[in-house]
Amino acid sequence: MFFLSFLSLFPTALLYVLADLSYYVVYYLVGYRKKIVRENLQRSFPEKSPEELRKIEKQFFRFFADLTFETIKMHSISRSELERRFKFKNLEQIEKYFRKGESILACTGHYGNWEWGMMALGMHLSEKCYVIYKPLNNRIFDQWFHNMRTKFGNVFVPMRQTLRVLSSVRKEPTMFCFASDQSPVKGESRYWMNFLNQPTAALLGLEKIAVQTDRPIFYFKLKVIKRGYYEVECVPIVLHPKKTGTHEITDTHFQFLASIIKEDPAYWLWSHRRWKNKPDNEEWQNQVLQ
C-alpha cells in the first residue's frame with residue numbers, strides 16, 4: 001500500500017509512460033488473461049474477422065494498462081485535475097428531482113474509467129450519492145480502495161447492506177448507483193438473458209428497488225474522449241418503474257450497455273470472467289439466445 005500510495009504521487013504524464021511499458025510486459029511477455037479476453041471477444045462479436053478482433057484485443061490491453069495506473073492515481077489526484085479530466089452532461093436532469101425532494105436510481109457498467117467517474121460524481125451533485133459495490137476479499141486492499149473512492153463525498157455501500165441503507169435515508173433526496181454488469185454469485189437473485197450473444201446472468205436488485213420505490217432510473221453513459229479524458233452523459237432510461245413489465249428494467253439497462261460496448265468495444269472490462277456461469281438447462285440456454 002505504501003508503494004502504491006507513493007506511485008500515485010507521480011505526475012499523470014509519467015504514469016502513462018509506465019502504462020506504455022507495462023502494456024508490452026503484460027500483453028507480450030506475461031499474457032495476463034489473454035485467453036479469457038480473446039474468448040470473450042470472439043463469442044461477443046462472431047461477425048468480426050480475426051484481424052478486427054485482434055485489433056480490439058490490443059486496444060483493450062493498452063487501455064487496461066492506462067486504467068491500472070489511473071486507478072492508482074486516485075489516491076492523490078486533486079479535485080482540479082479530476083474536474084479537468086472528467087466532464088458531465090445533463091446532470092441538471094437529476095438536480096431537478098433533488099430540488100423537489102425526490103430520489104433517483106442510477107446505473108452504469110465497467111466501461112471506461114468507471115472508478116474516476118464515480119469519484120468525480122460526488123463533486124458535482126448537491127445530494128448524497130450512494131454507490132453499491134462488492135467488497136474485495138482482501139481487507140487491506142478493500143480499505144485502501146474505499147478510502148480513495150469516498151474522499152470526494154460519495155458513500156460506498158456493500159451490496160448486502162443496500163436495503164438497510166436505503167431504508168435509513170428514505171426520507172432524504174438521494175441517488176443510489178448500481179453497476180449494471182455485476183456478476184451474480186451463488187444465492188443471489190438472478191435472471192438469464194442474451195447479452196452480447198451469450199446467455200448472461202443478471203442481478204435483479206436495481207429492478208426490484210426501482211419497482212418498489214418508483215424512483216426514476218438514469219444511465220451514466222461514459223465516453224472516452226482521448227487518453228485520460230472522459231465524458232459522461234446522464235441518460236434517463238426508465239422514468240416510471242412501476243409501469244414496467246417483469247424484467248423490462250433489467251433488459252433495458254443491459255441493452256443500453258450492449259449498445260455502448262458495440263459502439264467502441266475496447267473500453268469494456270473484457271478480462272473479467274463474466275460468462276463463467278452457464279444456465280443449467282441446455283434447452284433454456286438455447287432459448288435465451290433466440
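Colleague: Is C234 buried or exposed?

Modeller: A residue is called buried under 20% relative accessible area, exposed over 50% and partly exposed in between, with a 1.4 Å probe and protein chains only. C234 is buried, with a relative accessible area of 2%. Before going on, note that this is a predicted model, where local features need pLDDT of at least 70 and side-chain atom pairs count only at pLDDT 80 or more, while totals for chains, interfaces and linings use all residues. Residues are numbered from 1 along each chain as its sequence is written, and side-chain values use heavy atoms, with hydrogens and water left out.

Colleague: How many disulfides are there?

Modeller: A disulfide is a pair of cysteine sulfur atoms within 2.5 Å, and by this rule the count is 0. The sulfur of C234 has its closest cysteine sulfur in C177, at 9.9 Å, which is too far for a bond. C177, which is buried with a relative accessible area of 1%, has its closest cysteine sulfur in C129, and there too the 5.7 Å between them is too far for a bond.

Colleague: What is the order of the strands in the open sheet?

Modeller: Strands are DSSP runs of E with at least two residues, helices are runs of H or I with at least four, and both are numbered from the N terminus; two strands pair if DSSP finds at least two bridges between them. Here the 7 strands follow the order β1-β9-β8-β2-β5-β3-β4, with mixed pairing. Because β1 (86-89) and β4 (155-158) each have a single partner strand, they stand at the edges, and one side of each is left without a neighbour in the sheet. Further in, β2 and β5 (residues 175-179) pair in the parallel sense over 5 bridges, and I104 has M175 in β5 as its bridge partner.

Colleague: Which aromatic pair involves Y111, and which parts of the chain does the pair link?

Modeller: Rings of Phe, Tyr and Trp (its six-membered ring) pair if their centres lie within 6.5 Å, and planes under 30 degrees apart count as stacked, over 60 as edge-to-face and the rest as tilted. The whole structure holds 26 aromatic pairs. One of them joins Y111 and Y267 edge-to-face, at 6.2 Å centre to centre with 80° between the planes. The two residues are 156 residues apart, Y111 in the loop between β2 (104-108) and α7 (114-121) and Y267 in the loop between α11 (248-263) and α12 (282-288), so that the pair links distant parts of the chain. Y111 is buried, with a relative accessible area of 6%.
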